[in-house]
Amino acid sequence: GGELALQAKLSPSLSATAVATWMQVFYTSRPDVHIYRDNDTNSTAAFSSVYLKNYYVAAGPQSAYTLGLGYRSPHYWYAYINASYVDRNYVDVNPTRRTAEAVDLLSPESAQWHQLLDQERLPAAFTLDVFAGKSFLLSKVVAWLPSGTYLYLNAGVNNILNNRNIITGGFEQLRYDFSGGQVQRFPAKYFYGYGTNYFLNVSLKF
């Protein structure tokens, strides 16, 4: 993978930034798995080869891009707006579905075969975020305060478009219908991002 960050001064107060990250995280082998039953020392461990090679690791979005504009006023306040886009995010796969036993009764390249084996790619997502802040030199207006006493106010609004359909991750259930091969009997589970959310930070430096 790789990362790239650029910043350009458009004026003494206005700047633009661009950040990009791209990575490729995937399995490079076919592990052997031994399955044991709890509290059953007499059973022989089941053994299977799991065909995970070239499946993506569920490590979050593997592509992420941000464009931003920032303004810093000579009167000690600032504001930033960032547009972010993420893509190539994959569901964590169930190893049981990538064994010879799981596909034994299915026709290769059939719709059910692909439904069972193909890794789900999650939808790309876009967010717009705004941040602002201001500092106040309190010791300038309150004589008894130590010199250099500052009050800082920082606020932000994330996902101001209130997109509630952003899927941040997910996983295939470890349960699987071996008899019927019906994937939707135990569908994948997903994690969703927050809609619009806010923060406010107040700090005092002296």
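Here's a quick tour of a predicted model, covering its sheet, its salt bridges and a nonpolar patch on its surface.

## The sheet

Let's start with the strands. Seven of them make an open sheet of 7 strands, ordered β1-β2-β5-β6-β9-β10-β13 and paired antiparallel. The edges belong to β1 (2-9) and β13 (197-205); each has a single partner strand, so one side of each has no neighbour in the sheet. From one strand to the next, the twist averages 10 degrees.

Zooming in on one pairing, β5 (residues 63-72) and β6 (residues 77-87) run antiparallel over 10 bridges. T66, for instance, has S84 in β6 as its bridge partner.

## Salt bridges

The whole structure holds 4 salt bridges. R97, R98 and E172 are tied together in a network of them. E172 meets R97 at 3.5 Å, N to O, and that pair links distant parts of the chain, 75 residues apart. E172 also meets R98, at 2.5 Å; here the partners sit 74 residues apart, with R98 in the loop between β7 and α1 and E172 in the loop between β11 and β12.

How buried are these residues? E172 counts as buried at 7% relative accessibility, as does R97 at 6% and R98 at 1%.

Elsewhere, R185 pairs with D177, with the closest N and O atoms 3.5 Å apart. R185 is exposed at 53% relative accessibility, whereas D177 is buried at 7%.

## A nonpolar patch

On the surface, W22, Y65, Y85, F126, I160 and L161 form a nonpolar patch with about 570 Å² of accessible area together. One of them, F126, lies in strand β9 (residues 125-137) and is partly exposed, at 37% relative accessible area.

Conventions:
Residues are numbered from 1 along each chain as its sequence is written. This is a predicted model: local features need pLDDT of at least 70, side-chain atom pairs count only at pLDDT 80 or more; totals for chains, interfaces and linings use all residues. Side-chain values use heavy atoms; hydrogens and water are left out. Patches are made of residues with over 30% relative accessible area and no salt bridge: like charges are joined within 9 Å, nonpolar side chains (Val, Leu, Ile, Met, Phe, Trp, Tyr) within 5 Å. Accessible areas come from the Shrake-Rupley method with a 1.4 Å probe; for residues, only the protein chains shown count as cover. A salt bridge is a side-chain nitrogen of Lys or Arg within 4 Å of a carboxyl oxygen of Asp or Glu. Helices (H or I, at least four residues) and strands (E, at least two) are DSSP runs, numbered from the N terminus. Buried means under 20% relative accessible area, exposed over 50%, partly exposed in between (1.4 Å probe, protein chains only). Two strands pair if DSSP finds at least two bridges between them. Axes are lines fitted to C-alpha atoms, for helices over the stretch in contact, and angles run from 0 to 180 degrees between N-to-C directions.
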